Each structure stands twice: as structure tokens, then as C-alpha cells.
Amino acid sequence: MDKWYSPSESSGSSTMTIKDIARLAGVSIATVSKVLNSKDQDISEETRAKINKVISDHNYIPYRKVVKRMGAKSDTIGLVISSGEVASREWIRGAEAAAYQEEMSLIVCHTEGLESKEKHYLRILQDRNVEGILLVPAPERRGDTLADQAEEELPVVIVDHHTYEADISHITLDVEQGIYLAVQCLIDGRHERIGYIGGPLTNLSELAKLEGYKKALYENHINLDKNLVYESASSNQKSSGYEGAKHLLSMGATAIVTSSDIIACGVYTAAAEQSVLIPDALSVIGFGDSDICELVIPSLSSVQYPLYESGFAAVMTLLSQIRHQERGKKLVFQPSVVVRDSVSDAPHIDLTPKEKIAIVGSLNMDIIMRVPHIPKVGETILAQDVKNAAGGKGANQAVGAGKLGGKVYMIGRVGNDLYGRELYNGLIKNGVDASGVIFDELLPTGNAYIHVSDKGENNIVVNPGANSRLNLEQVQNVEWIFDEVSFCLVQMEIPADTIRYVANICKRKNVKLIIKPAPAHNFNFENFEEGFLIVPNETELALMLPGDQSIEEKAYRLLNMNYQNVIVTLGERGCLLINGDTKQYFAAADFRAVDTTAASDSFISGLTVALSEGKDMIEAIRYGSLAAGITVSREGAQPSLPDQDTIRIYM
């Protein structure tokens with residue numbers, strides 16, 4: 001039973017028990033105990049006031065406070081700790097080791113970031129007569145505000161990321177530098193599309209980490225892309241990592257830095273779900289270097305702090321203040337990056353010298369519906385299957401060239417919607433510089449609605465969407481691209497005045513213009529006073545130049561219209577090249593055709609990449625033909641486009 005003491009006004013003091021207080025107040029002993037120990041939430045205000053009046057009238061003082069007033073030492077210090085890096089087992093182990101070495105006891109109170117618990121434990125520790133307190137407040141609260149609730153002269157050391165007055169002892173981990181080093185590690189591995197997943201920026205530690213991310217990008221002259229920063233408000237860190245990684249992968253990230261190791265586990269889950277290999281296609285660095293790092297596969301690289309040492313130092317700093325009144329000591333602990341199996345250099349970069357390529361054209365999301373037959377006017381039928389596929393001749397050619405290692409700029413327009421982000425991601429993932437792609441706020445991403453019957457028949461309805469707003473102003477804003485490139489590819493799926501403007505830029509800047517006249521019924525010869533290469537197929541050639549002339553005769557007519565080279569693609573029969581020096585037929589690559597959707601785009605992108613590498617026209621046609629042959633042997637448009645490694649197998 002707890003004892004209470006009342007100093008006598010005449011003869012010193014007399015001893016009373018809780019039973020005496022209960023009798024005077026007319027309540028139970030249990031009720032008095034709850035009030036005395038601040039556990040009186042279920043006690044009425046009237047009863048609480050009655051008990052407190054008895055205590056006040058008789059000037060009762062608890063035994064613990066009497067002992068404290070007598071100057072007795074408890075050889076005990078308190079640790080009020082929230083969450084984050086300092087809450088790790090290793091930090092607390094360091095603090096316990098220092099306390100043990102100095103023959104002190106350490107009372108550890110976990111607050112789970114709740115302000116009510118912080119205040120509660122602070123009051124209890126003072127009642128227990130601790131000689132000093134280590135405060136690790138919730139990240140969004142300042143430690144000095146909490147410390148003000150401590151009794152005057154009680155030594156306090158704060159451990160967090162705020163800045164304090166000179167007389168406050170303070171320990172901190174430089175979390176900004178930690179993220180900076182993680183990002184720098186990835187940049188050293190030639191990564192540029194580096195994503196970041198952190199917690200809410202109301203948390204000062206998280207804000208400092210984000211600044212480290214930005215600083216590393218800035219110092220390496222990498223533009224900050226806000227689409228590569230994912231701020232999570234969820235308390236479920238693994239879920240935050242999962243959702244954040246899905247977003248960042250859709251934005252073309254090749255590397256991700258996270259603000260905790262648990263968040264990184266969520267990244268692993270998202271990567272596995274999307275068949276993205278770590279570290280081959282995605283490098284990941286966590287934060288905290290917890291035990292998790294060695295448990296996941298591949299082992300997780302992480303930012304490491306000397307947690308044991310900083311916990312030890314925090315206790316020693318507090319004891320120095322207790323014993324020698326040394327206030328105002330500041331200690332900052334610096335990080336390092338432990339590189340394990342989750343980090344590798346950026347995906348393979350072909351170092352073959354290349355001239356750069358600009359592609360100005362459409363980006364569409366194809367909606368492919370398999371139906372039993374093509375519906376008649378007024379007929380409603382049910383689709384047997386529906387699939388989405390990235391398309392648009394501009395996007396196909398850009399991805400095709402990017403997969404083959406070309407240095408490609410894409411100029412196009414998509415809606416600010418899910419389809420637009422998917423198309424943008426497809427460009428980035430395949431090495432295309434999408435600086436010239438704009439997300440339109442007014443129109444959705446272009447779509448092609450394709451009905452495919454069981455007999456293989458099809459009809460197509462195209463909604464150009466944002467493609468129709470690829471205007472002169474947009475091209476003018478990225479005209480610097482044409483100073484960087486040697487080749488430019490255009491098609492007819494964008495506004496005619498934009499095509500005409502691009503042709504004029506190419507002429508003015510001596511860029512070799514390559515034209516795919518599709519759809520051919522929109523082709524206007526007046527838009528092209530001259531061009532380096534034009535590549536129609538048989539149908540397109542017939543629409544451009546109606547009449548009974550042969551393919552060769554029509555090709556020569558194009559040549560005489562100031563085109564330096566004419567290539568007519570002939571499907572399974574190969575292609576025909578005509579220029580001032582040559583008339584030559586080329587056989588198609590020997591592959592069994594499964595889907596010819598992207599054959600011409602694959603041919604043109606392969607041919608242009610070969611030209612950009614310095615190959616002559618004959619070699620470039622053979623390279624493009626091989627790329628097209630591989631493409632028709634696969635299903636789909638962009639998924640069927642071959643990469644460099646596949647081409648090498650057949651060369």
C-alpha cells in the first residue's frame with residue numbers, strides 16, 4: 001500500500017495511508033489510488049475534486065516525492081522513444097550498454113509516436129525520480145516543447161532532426177546525407193531515372209531525406225522529375241513501397257531509393273509482380289540497414305548509421321550533463337551506404353558511336369476487341385476478349401529504335417491519363433528521351449478501337465485525341481532537339497501544318513528527313529519540297545500516285561520530286577530501293593509471319609538506327625529487314641519489336 005506524508009504545522013509530520021484519505025473523502029481505496037496515479041479517466045469530476053481537496057487541505061505529499069526532495073539518487077535514467085531510425089534495436093542496445101557500463105539503470109518507454117504517451121511517460125519517469133531523460137520525440141514534434149514539461153533542472157538530451165538553442169544537448173543522425181549518398185551511388189552506376197519513396201513530409205526527418213534526394217540530382221545536373229517522387233501518407237510502409245514502386249515503374253524508373261527498409265520490401269513485391277528483375281532491370285536501396293536486408297533475395301543495399309555508437313553516445317552525453325552540468329553538447333552521426341546484391345549499373349548502354357534521331361508522331365493506346373464477326377449497322381454483339389496495346393506509328397518507331405540502341409528523342413502528345421502514362425513509360429523503359437512529349441490537360445490519349453473477327457477480318461475507328469493537339473507551338477518549344485539530331489522520322493497521323501513545320505526545320509537545320517506516308521490518303525506533296533528518304537508500301541504508293549504505272553515507275557516519279565532515296569516495302573516479297581545510283585530489290589527475312597501489324601515501323605526504325613551508326617543504305621536495309629522479320633514472327637506491336645541482343649542472334 002502506498003504511503004503518503006503530511007507535514008504537521010506544529011510537530012513535523014504524521015503518516016497516513018490511502019485508507020485514511022479514502023475515509024476522509026468518503027470514497028473507496030481503489031478510487032483514491034486511481035486519482036493519485038493519474039488513472040482516473042473513469043472517475044467523475046465531482047469525486048476527483050473531493051479527493052484532491054482532501055489531499056490539498058492536509059498537504060499530503062507522496063513518499064516518492066519526499067525521497068526526491070531529500071536528494072536521494074535513483075541511479076536511473078529514462079528513455080522516451082518514438083519511431084524511426086533511433087527506435088531500432090541496435091540504437092537501444094548501445095544506450096543500454098552505456099548505462100550498464102556506468103552502473104545506471106535505463107527505463108525504456110515506447111510512445112509509438114503518440115503525444116499523449118510522451119506526456120504520460122515523462123510524468124511517470126519524473127515520479128520514479130530518474131536523474132535524467134533521453135527524449136526521442138515523434139518526428140513532427142519538437143523535443144524542447146516536450147522537455148519543457150520536465151521539472152526544472154532535470155537533465156534532458158534530445159535525439160531528433162530539429163535545431164535547438166545553444167544550451168540544449170542534442171544528438172542527430174544526418175538523414176539528408178544518407179539519402180544523398182544512396183542517390184549518388186546510383187548515379188555513379190549511370191542511373192538517371194532514379195525514383196524516391198518516402199513518408200509524409202509533415203515528418204521533419206522525411207523532409208530532410210527528400211532534400212538529400214534533390215541535392216544529389218542537382219549536383220549531378222539531373223533535372224528533378226516530380227513524377228519520380230512518391231510521398232506516402234499510409235502507416236503501412238510495405239504497402240507504401242508496393243504502391244510507390246508501381247507508380248515509379250510506370251514512370252520508367254531504373255532505380256529506387258526508399259526512406260526505410262520496410263518500404264523497400266514493398267518495392268520488391270511490386271517488381272516481382274511485374275516481372276522486373278532486381279538488380280538487372282531495377283536497382284533498390286533502402287534506409288536503416290536492418291536485419292531485413294540479409295533476409296530478402298537479392299540482399300538489400302541500404303543506408304547504414306552507427307546506431308550502436310550513437311545510442312551509446314546519447315547516454316554518455318546525458319550522464320555528463322547529470323554529473324558535470326555540461327549542457328549544449330551537439331553530436332551529428334554520419335551515414336554510409338552498404339552495397340549488396342540489389343544494386344547494379346544502369347541497364348546496358350550501347351557505346352557504339354551514333355547520330356541521334358528525332359521522331360515526331362502519334363502515340364495511341366489500341367483497344368483490341370476480338371468478336372465473332374464484324375458487326376453490321378445497328379447490330380450489338382459481345383466481345384470475346386479485349387486487350388490494350390501501346391501503339392501509334394510514332395510511338396512504335398521510337399520504341400523500335402530505342403530497343404535497338406538508337407539515341408532517340410520523341411515529340412508527341414498524350415492525355416494526362418492512365419493510357420498516357422503507360423505510353424510515356426513504354427518510351428522511357430526502352431531508352432527513348434521523352435523530353436518532347438506533353439501530357440495534354442484537355443484531350444485524352446489517342447485510341448484506336450479495333451474489331452478483329454474469327455476470320456481475321458477487322459475494322460478500326462481512331463480517336464486521335466491528344467495527337468490532334470501536337471501543334472507548332474509544342475514543336476517550337478523543343479526545337480533545340482533538332483540541333484542535336486541527324487535524322488528525323490515523321491508520319492501522317494498528326495496535324496498537317498505540324499508536319500510541314502517539321503519538314504521546314506529539318507531543311508533549315510540540315511536534318512535528314514525520313515517520311516512514312518501513312519495514312520497515305522492524307523499525304524500532301526506540298527509539305528515536302530525535298531526529303532532524304534520516303535518509305536511507302538504498295539498500297540500507299542498507289543494512293544499517292546494513282547494510275548497504271550509499275551511500282552518502279554512510280555518510285556522513280558517520287559525520286560524526281562526531290563527525294564534522295566525511295567524504298568517501297570513489298571511485304572513478304574521484301575522491298576525495292578531506288579536512288580540516283582541504285583535500283584535494287586531486297587528479299588524479306590525468312591521468318592514465318594504471325595502478325596504483321598508493326599512490320600513497317602520495325603523496318604524503318606531498324607534502318608534508321610543502322611544509318612545512325614554509320615552503315616550505308618544497303619547495310620541499313622538488310623538490318624531493317626531482319627528487324628521486321630523478327631517482328632512479324634511475334635504477336636503484338638511494341639512487344640514484338642526486337643532488341644539488340646535478339647538481332648545479334650540472327651546476324
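1. At 0% relative accessibility, G394 counts as buried, where buried means under 20% relative accessible area, exposed over 50% and partly exposed in between, computed with a 1.4 Å probe on protein chains only. G394 is placed in helix α14; helices (H or I, at least four residues) and strands (E, at least two) are DSSP runs numbered from the N terminus. With neighbours within four places in sequence set aside, G394 is in contact with I359, G361, S362, M410 and Q491, contact meaning heavy atoms within 4.5 Å.

2. The model is predicted: local features need pLDDT of at least 70 and side-chain atom pairs count only at pLDDT 80 or more, whereas totals for chains, interfaces and linings use all residues. Residues are numbered from 1 along each chain as its sequence is written, and side-chain values use heavy atoms, with hydrogens and water left out.

3. Helix α14 covers residues 393–403 and includes K393. K393 counts as buried, at 13% relative accessibility. Its contacts, apart from neighbours within four places in sequence, are S362, Q491, E493, K516, A518, S600 and D601. An unreviewed UniProt entry lists under "binding site" N364, M365, D366, G392, K393, G394, A395, N396, E493 and D601. UniProt positions follow the numbering used here, feature names are shortened, and annotations may be inferred rather than shown by experiment.

4. For "binding site", the unreviewed UniProt entry also lists N537, T569, L570, G571, E572, R573 and G574. They span 38 residues in sequence, yet no two of their C-alpha atoms are more than 11.6 Å apart, so they gather at one spot. E572 lies in the loop between β26 and β27 (575–579) and counts as exposed, at 78% relative accessibility. G574 is also placed in the loop between β26 and β27, but G574 is buried, with a relative accessible area of 10%. Leaving aside neighbours within four places in sequence, G574 is in contact with V568, T569, F586, A587 and A588.

5. Strand β26 (residues 563–569) contains Q564, which is partly exposed at a relative accessible area of 47%. Q564 touches G531, F532, L559, N579 and G580, residues up to four places away in sequence not being counted. From C-alpha to C-alpha, Q564 and G580 are 7.2 Å apart in space and 16 residues apart in sequence.

6. An open sheet of mixed pairing is formed by six strands in the order β10-β9-β11-β12-β13-β15; two strands pair if DSSP finds at least two bridges between them. Strands β10 (229–231) and β15 (336–338) stand at the edges, each with a single partner strand, so one side of each is left without a neighbour in the sheet. From one strand to the next, the twist averages 20°. Strand β13 (residues 301–304) pairs with β15 in the antiparallel sense over three bridges, and V303 stands opposite V337 in β15.

7. Helix α8 (residues 175–188) lies across β9 (194–198), β11 (255–258), β12 (283–287), β13 and β15, and runs at about 165° to β12. Helix α9 (residues 204–219) packs on the sheet, touching β9, β10 and β12, and its direction makes about 175° with that of β9. Axes are lines fitted to C-alpha atoms, for helices over the stretch in contact, and angles run from 0 to 180 degrees between N-to-C directions.

8. Overall, the protein has 23 helices and 28 strands, and buried residues make up 51% of its 651 residues. Among contacts between residues at least 6 apart in sequence, 67% join residues at least 24 apart.
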